[in-house]
Amino acid sequence: MKAYVYEYSSALPPLTEGSYFHSPELMELCERTPRHKPYMVVVSNDEGHPVAHMLAIERYRRSWLPPYLYSHVRVLGEGVYQQGADNEVFDLMVKALTERLQNKVLYMEFSHLSQKMFGYGALRSAGFFPVKWMNIHNSLHSRTPEERISTRLLARIKIAQQRGATTKEVETEEEFRAFSKLLRRHNWLKPRRYLPDDEFFRGMMKAGRCKIFITQYHQKVIGCSVCVYSGDDAYLWYSAARRKSFATLHPNAVTFWATIKDTHAVGRQHIRFLDVGLPFRKNPYRNFILRFGGKEVSTYRWFRISIRWVNALASWLWRE
């Protein structure tokens, strides 16, 4: 078998359908999005037929305050396979991607692998180091959201709604601009938090791959969320809220609840919360999400820093 890295979606061979996060559709969208550059790693058998593929996205980051300029690569999941996930094939894709990008980006990151130990040997041999992380998902197929949410949190949400907090899907350009303004203002002091250009969100909405929700109070947008769909699952990817200015209205809770309810209504099996964070004993955000009735799963995120001595130091600091 042989792995090849494609930089343009127009050059891709026919690929197996699967995760949206590894689709030619998302690759094409990233090509059109400023500060994005996609790489599709395709493994072919001896007859030249693709048996697996994986999408990596290089993202360029810059800021005046704090000042920085660099690029990094992120991979969500292990890719798409014709006959189920395969460690040997994954090893080929990791090696091909690392050889192409190891001296081009500041760091590379793998997250949301289907199993905690999947690809452990391949990533270790490629110079990646694991960081313990936490994932949370809510099952929507066996019990209703009302049966899972805590009684106290549901009561707070109902009180906020009675006071005038309402949540709706973004439909107009004015609503989209209000969403974008809140999302960027909420995250501008979070150096690690990367926000794509508005065209990225517009492209997913136009293709029917995501819904954006906003929570309003007296014509003011006080909360928002971005829910992306892949297969039978939904992924709450980005969110923001004016928690301090409108604390009594619990805008985060109201927005998340509407997102979960809509996801259940359209028949998705799970809603998965991306970027829950490190598994600290005290994590207010994680504890907040768990009150909706979700399940937490311990996992790894894998990193590889291109500066060798920094990568060696980080590997030692995060040693198990």
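At what angle do helix α6 and helix α7 pack, and how far apart are their axes? Before I answer, please keep in mind that this is a predicted model, in which local features need pLDDT of at least 70 and side-chain atom pairs count only at pLDDT 80 or more, while totals for chains, interfaces and linings use all residues. Residues are numbered from 1 along each chain as its sequence is written, and side-chain values use heavy atoms, with hydrogens and water left out.

Let me begin with the helix pairs. Two packed helices are described by the angle between their axes and the distance between the axes. Helices here are DSSP runs of H or I with at least four residues, strands are runs of E with at least two, and both are numbered from the N terminus. An axis is a line fitted to C-alpha atoms, for helices over the stretch in contact, and angles run from 0 to 180 degrees between N-to-C directions.

To answer the opening question, α6 (residues 173-187) and α7 (residues 198-206) pack at about 130°, with their axes 11 Å apart. The two are therefore oblique to each other, given that angles under 35 degrees count as roughly parallel, over 145 as roughly antiparallel, 65 to 115 as roughly perpendicular and the rest as oblique. On the α6 side the contact (heavy atoms within 4.5 Å) is made by Glu-173, Phe-176, Phe-179, Ser-180, Leu-183 and Arg-184, and on the α7 side by Asp-198, Phe-201, Arg-202 and Met-205. Sorted by class, that contact has five nonpolar, one polar and four charged residues; Ala, Val, Leu, Ile, Met, Phe, Trp, Tyr, Cys and Pro count as nonpolar, Asp, Glu, Lys and Arg as charged, and the others, Gly among them, as polar.

Helix α7 also packs with α1, at an angle of about 145° and with the axes 9 Å apart. Here Leu-26, Leu-29, Cys-30 and Arg-32 of α1 meet Glu-199, Phe-200, Gly-203 and Met-204 of α7, and these residues divide into five nonpolar, one polar and two charged.

A further pair is α5 (residues 151-162) with α8 (residues 251-265), which pack at about 100° with their axes 9 Å apart, and that makes α5 roughly perpendicular to α8. Leu-153, Leu-154, Ile-157, Ala-160 and Gln-161 of α5 make this contact with Ala-253, Val-254 and Trp-257 of α8, and by class it has seven nonpolar, one polar and no charged residues.

Leaving out residues up to four places away in sequence, Asn-252 touches Ala-240, Ala-241, Arg-243 and Phe-288.

Now to the interior. A nonpolar core is a set of buried Ala, Val, Leu, Ile, Met, Phe, Trp, Tyr and Cys residues joined through side-chain atoms within 4.5 Å. The largest one has 35 residues, of which Phe-179, Phe-201, Met-204 and Trp-237 touch the most other members. Among the elements that give two or more residues to this core are α1, α6 and α7. Apart from neighbours within four places in sequence, Phe-179 is in contact with Val-170, Phe-201, Ile-212, Ile-214, Cys-224 and Val-226.

Technical notes. Buried means under 20% relative accessible area, exposed over 50%, partly exposed in between (1.4 Å probe, protein chains only).
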